[in-house]
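Trainee: I have a new model open and want to learn to read it. Where do we begin?

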Amino acid sequence: RVTPYFFSFFVMQSIPGLKTTYRIIKEGSGATVSKSNTVTVHATGVVKETGKTFWSTKDPGQQPFTYQAGVGGVITGWDQGCLGMKLGEARELLIPAAEGYGSGGFPAWGIPPGGTLNFTIEVLKIQ
């Protein structure tokens, strides 16, 4: 018998009202990300169709990224997909174009029109 905790490490889970899905890579504990929190994360973004990394806070010269959660300051899939994450949690988000950069993509970063994004997010700080 598979427990829900074990199950969350292997199967992408849905987010109510969204097409973005997620799976927990590493459990966190304590505080959780809520709307309007200031959150600092490590993030790596990969274009699913090409396998190309377009951004990583872990690359040389980069720093963790800080944003305000749940208020639309980042793409929808990320904004909503990180709500409820715990401090120290790492989560994989699979974000379709409609909840990412849309039909236009983001050519400057190598994200094609209609590109699906695969982000790995790790919560470092919640304020």
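Mentor: Begin with pairing. Two strands pair if DSSP finds at least two bridges between them. Keep in mind that this is a predicted model. Here, threonine 44 stands opposite threonine 120 in strand 9.

Trainee: How many bridges join strand 4 to strand 9?

Mentor: Nine bridges join them. Strand 4 covers residues 38-47, and the two strands run antiparallel. Strand 9 also pairs with strand 8, in the antiparallel sense, over six bridges.

Trainee: What should I look for among buried residues?

Mentor: In soluble globular proteins, nonpolar side chains tend to be buried together. In this model the largest nonpolar core has 26 residues. Val41, Tyr67, Trp78, Phe119 and Ile121 touch the most other members. Strand 2 (21-26), strand 4, strand 5 (53-56), strand 8 and strand 9 each supply at least two residues of this core. The largest share, five residues, comes from strand 9.

Trainee: Which residues does isoleucine 121 contact?

Mentor: Leave aside its neighbours within four places in sequence. Its contacts then include Val41, Trp78, Cys82, Met85 and Leu93. Glu89 is also in contact with isoleucine 121.

Trainee: Where is glutamate 89 placed, and is it buried or exposed?

Mentor: Find the loop between strand 7 (86-87) and strand 8 (90-95); glutamate 89 is there. Its relative accessible area is 3%, so glutamate 89 is buried. Not counting residues up to four places away in sequence, glutamate 89 touches Ile24, Lys26, Glu27, Gly28, Gly84, Ile121, Glu122 and Val123.

Trainee: Now the whole chain. How many helices and strands does it have?

Mentor: The protein chain has two helices and nine strands. Along the sequence, the pattern reads α-β-β-β-β-β-β-α-β-β-β. The radius of gyration is 14 Å, close to the 14 Å that the globule rule gives for 127 residues, so the chain is as compact as a globular protein of that length.

Trainee: What share of the residues is buried?

Mentor: Buried residues make up 43% of the 127 residues. Now check the contacts with a separation of 6 or more: residues 24 or more positions apart account for 62% of them.

Definitions and conventions: Residues are numbered from 1 along each chain as its sequence is written. This is a predicted model: local features need pLDDT of at least 70, side-chain atom pairs count only at pLDDT 80 or more; totals for chains, interfaces and linings use all residues. Side-chain values use heavy atoms; hydrogens and water are left out. Helices (H or I, at least four residues) and strands (E, at least two) are DSSP runs, numbered from the N terminus. Buried means under 20% relative accessible area, exposed over 50%, partly exposed in between (1.4 Å probe, protein chains only). Contact means heavy atoms within 4.5 Å. A nonpolar core is a set of buried Ala, Val, Leu, Ile, Met, Phe, Trp, Tyr and Cys residues joined through side-chain atoms within 4.5 Å. The radius of gyration is taken over C-alpha atoms; the globule rule is 2.2 Å times the number of residues to the power 0.38.
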